[in-house]
Amino acid sequence: MHLFREQKTDHQFHDNSFDIVNAFQSLDPNRQIVICDQLFHNQRSSFKNTLNLLFPKADNHDVARLEKFLRTRISH
């Protein structure tokens, strides 16, 4: 069981076309929870550092995109 249901996203991607949302959704649920905990309970720098470790292709735009996605999903 995943923390977030997999869904196709029709977002336009920036130059490197790395899809951080789908990459996040493909993670083990325990890793998803760790990322969410870091975003909502720790400093944002911990969140960014973890994403950089898990997704070396991610840039600042990707980090901001995933943060927006998670905040939107949690608030609904």
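Visitor: Why is Phe-18 called buried?

Guide: Its relative accessible area is 15%, and buried means under 20%, exposed over 50% and partly exposed in between, using a 1.4 Å probe and protein chains only. So Phe-18 counts as buried. A word on the background: this is a predicted model, where local features need pLDDT of at least 70, side-chain atom pairs count only at pLDDT 80 or more, and totals for chains, interfaces and linings use all residues. Residues are numbered from 1 along each chain as its sequence is written, and side-chain values use heavy atoms, leaving out hydrogens and water.

Visitor: How many aromatic pairs does a search of the whole structure find?

Guide: The search finds one.

Visitor: What makes the rings of Phe-18 and Phe-55 a pair, and is it stacked, edge-to-face or tilted?

Guide: Rings of Phe, Tyr and Trp (its six-membered ring) pair if their centres lie within 6.5 Å; planes under 30 degrees apart are stacked, over 60 edge-to-face, and the rest tilted. Here the centres are 6.0 Å apart and the planes at 50°, so the pair is tilted. Phe-18 lies in the segment before H1 and Phe-55 in the loop between helix H3 (44-54) and H4, so the pair ties together parts 37 residues apart in sequence.

Visitor: How do you know whether Phe-55 is buried or exposed?

Guide: Its relative accessibility is 7%, so Phe-55 counts as buried.

Visitor: And what about Val-21 and Thr-72, buried or partly exposed?

Guide: Val-21 has a relative accessible area of 1%, so Val-21 is buried. Thr-72 has 38%, so Thr-72 is partly exposed.

Definitions and conventions
Helix = DSSP H or I, 4+ residues; strand = E, 2+ residues; numbered from the N terminus.
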